[in-house]
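Open the model in your viewer and keep the selection tool at hand.

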There are 2 protein chains.
Amino acid sequence: MNDRFLRACRGEKVDRPPIWIMRQAGRYLPEYRAIRKEMDFVTLCKTPEKAAEVTIQPIDRLGVDAAILFSDILVPVEPMGFKISFNPGPVLDHAVRTMQDVDNIRITEPEETVPYVYEAIRILRRELEGRVPLIGFAAAPFTLATYMVEGQGSKNFSKVKGLMFSEPATAHALLEKITVATEKYLMGQIKAGAQAVQLFDSWAGLLSAEDFREFAMPYARRILDTLQDAGVPRIYFALNNAHLLEEIKDCGAEVVGMDWRMDLAEANRRLGGRYALQGNLDPTVLLSGSPDTIRERALKVVAAGRGLPGHIFNLGHGILPETPVEHAQALVQAVQEAVR
Amino acid sequence: MNDRFLRACRGEKVDRPPIWIMRQAGRYLPEYRAIRKEMDFVTLCKTPEKAAEVTIQPIDRLGVDAAILFSDILVPVEPMGFKISFNPGPVLDHAVRTMQDVDNIRITEPEETVPYVYEAIRILRRELEGRVPLIGFAAAPFTLATYMVEGQGSKNFSKVKGLMFSEPATAHALLEKITVATEKYLMGQIKAGAQAVQLFDSWAGLLSAEDFREFAMPYARRILDTLQDAGVPRIYFALNNAHLLEEIKDCGAEVVGMDWRMDLAEANRRLGGRYALQGNLDPTVLLSGSPDTIRERALKVVAAGRGLPGHIFNLGHGILPETPVEHAQALVQAVQEAVR
């Protein structure tokens with residue numbers, strides 16, 4: 001098996017940095033768009049054979065070193081008692097605002113309520129045949145709570161922050177329930193065959209360091225700790241985390257994801273040299289740069305990764321839908337040719 | 001005159017931290033909404049008597065320690081050759097994409113092309129009668145360039161970044177022209193009576209530290225340097241700047257604005273203890289917190305400000321339109337009662 005990704009996560013020696021791309025199964029790929037003509041996004045997430053198929057597309061097309069399950073961070077929210085539609089961003093049929101709303105949230109056995117997630121993982125492990133490892137994922141509790149309290153995407157996150165500031169007990173009760181549900185959800189993914197997991201804390205960067213310390217990190221850390229005995233590498237990725245590195249220093253994952261804002265060597269210093277880092281080319285470089293610019297910028301990231309305890313090449317955020325597939329191919333090729 | 005604000009900017013001793021609020025003349029004030037029923041936003045910006053009137057409203061209502069000219073960062077873009085509409089965000093009639101587009105940009109004498117800005121300042125200095133100092137402002141060049149290249153607001157800023165990555169000479173030529181125009185625009189404000197200036201780099205936080213070093217800081221710094229001899233305090237505010245503090249350390253302003261993400265004491269350490277800091281209460285605390293929470297959080301910011309070379313209390317970003325005016329009053333009162 002190509003275990004370059006798993007080895008880099010564990011800080012073991014590799015011939016070159018492994019690469020995968022956040023949202024690598026997505027709209028920039030013509031073969032993905034072809035499948036989306038047949039079915040909408042939610043149906044795709046809930047059809048294991050098709051979810052597995054799009055998960056494998058970028059492995060075939062780009063030759064990346066890891067697959068990541070095609071799914072959505074809101075999948076585990078539905079069995080908690082919410083109806084979700086996309087318009088085009090997610091919209092929940094109701095929002096959490098009171099302790100009663102929190103009490104109404106159901107904790108289920110995800111193998112029973114979202115079996116398609118686990119079936120997709122089992123199919124993928126068979127179909128990948130060890131070509132590359134499979135990454136599972138979930139949202140971190142604070143990030144999932146933002147959707148559940150705002151009821152949809154948000155600009156200022158004033159409702160979820162309002163709950164934290166004015167009803168902290170309710171906010172903590174919600175985060176507690178999400179944490180329990182997410183532990184089950186991810187343990188199930190590992191049991192089904194996920195060989196690594198990434199916790200996406202996409203909105204944590206909107207919090208002050210103080211609020212992150214109270215409302216985000218402890219819950220993410222609990223999940224990461226719970227997963228420790230499962231023995232798979234754990235990646236913690238908080239977008240826009242430059243003001244949070246002193247808190248993330250103790251997150252307990254093997255890998256910390258970094259967006260494009262900070263040089264990886266600087267991030268490594270601030271994190272105390274404890275983590276393999278994942279990242280961090282600016283997705284707009286991949287969208288708009290010439291192949292020469294993409295290669296040059298990619299090699300800078302590879303060079304910054306040389307001094308780290310481990311480096312997994314990735315973008316600093318998801319690949320943009322308008323990105324030419326040739327740009328993604330040029331990137332993967334550049335990293336493949338970079339000898340560590 | 002109440003010169004608490006100017007003294008704090010200069011790092012002189014003050015009885016308590018001065019306070020003003022970004023967007024303090026705005027929709028959260030009923031008296032502002034009343035005027036906006038009579039005229040649209042652009043007309044208000046271009047009618048000096050009315051712009052002066054709304055500028056003074058928060059001084060009367062809240063008792064803040066500084067006034068900031070009511071205007072818009074896109075005002076100087078119109079005489080450069082663009083038509084701007086609001087829908088509700090700004091939309092330009094054309095976008096800058098080529099060197100020819102940059103060549104077509106006009107540099108004018110702003111006293112002739114946007115005289116209403118300077119007239120509003122002169123009216124304000126008369127009407128304020130020394131009650132509080134008047135702050136002028138402009139966007140920093142990178143931030144203004146984003147609007148001129150994107151043609152409107154943006155989520156990923158892929159067009160302006162694309163120009164930087166693929167046509168850096170064009171991007172630099174654009175930034176150069178904006179810098180010259182902004183120097184004239186701000187020098188005119190000081191000449192008309194502005195007693196301090198703030199440079200808003202609202203979108204700089206979207207840049208990596210490396211790109212900020214090349215495309216943002218040098219141009220902002222040139223403007224700040226040009227204004228040095230004018231003798232008024234200069235404030236540089238880049239939202240979301242935690243990854244940029246090592247670059248901002250040499251910005252050459254008297255005051256650095258900080259958003260709500262980072263503790264002010266930590267920011268001061270990272271900036272080498274060289275600057276008075278302005279900030280940094282989370283605007284969502286003011287929106288959603290109880291008066292007790294607002295007071296408690298405000299006093300924490302005041303406490304963090306005690307060890308700084310100077311502290312001007314502000315929010316970490318503009319006051320949100322839905323904020324109850326009583327919350328803003330509670331905040332100002334809390335800061336007024338905090339003895340430094």
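Select A:V117, A:Y118, A:I121 and A:R122 in helix 7 of chain A; they meet A:G188, A:Q189 and A:A192 in helix 10 of chain A. This is a predicted model. By type, the residues of this contact divide into four nonpolar, two polar and one charged.

Notice the spacing on the helix 7 side: the selection there includes A:V117 and A:I121, and also A:Y118 and A:R122. An α-helix has 3.6 residues a turn, so residues three or four places apart point the same way.

Now show both helices whole: residues 115-128 for helix 7 of chain A and residues 168-192 for helix 10 of chain A. How do their axes cross? They come within 9 Å and cross at roughly 25 degrees. Angles under 35 degrees count as roughly parallel, so helix 7 of chain A is roughly parallel to helix 10 of chain A. The crossing of helix 7 past helix 10 in chain A is right-handed.

**Next stop: helix 8**

Select residues 141-150 of chain A, which form helix 8. How many of the residues of helix 8 of chain A are buried? The count is 10 of 10, and the helix is mostly covered. Click along the buried residues: among them are A:F142, A:L144, A:Y147 and A:M148. The buried set also includes A:T143, A:T146 and A:E150. Step off the end of helix 8 of chain A to A:G151, which follows it. Check the backbone of A:G151: its phi is positive, near 85 degrees.

**Last stop: where the chains meet**

Show both chains. Here 26 residues of chain B are in contact with 26 residues of chain A. Which elements of chain B give two or more residues to the side that touches chain A? Select helix 9 (158-166), helix 11 (209-215) and helix 15 (283-288) of chain B. Helix 9 of chain B gives the most, with five residues. Color that side of chain B by type: nine residues are nonpolar, 12 polar and five charged.

Now superpose chain B on chain A. A rotation of 180 degrees does it, with 0.0 Å of shift along the axis and an RMSD of 0.0 Å. The two copies are therefore related as by a two-fold rotation axis. To find the axis from chain B, center on B:A242: its C-alpha is the nearest in that chain, 2.7 Å from the axis.

Finally, compare the two sides. Of the interface residues of chain B, 100% are also interface residues in chain A, so the copies meet through the same surface.

Conventions:
Residues numbered from 1 in each chain as written. Chains lettered and ligands numbered in written order. Predicted model: local features only at pLDDT ≥ 70, side-chain atom pairs only at ≥ 80, totals over all residues. Contact = placed C-beta atoms within 7 Å. Helix = DSSP H or I, 4+ residues; strand = E, 2+ residues; numbered from the N terminus. Nonpolar A, V, L, I, M, F, W, Y, C, P; charged D, E, K, R; others polar. Least-squares fit on C-alpha atoms with pLDDT ≥ 70 in both. Buried ≥ 20, exposed ≤ 12 C-beta atoms within 10 Å, placed from the backbone. Axes fitted to C-alpha atoms, helices over the stretch in contact; angles between N-to-C directions. Parallel < 35°, antiparallel > 145°, perpendicular 65-115°, else oblique. Left-handed = near helix turned anticlockwise from the far one by under 90°.
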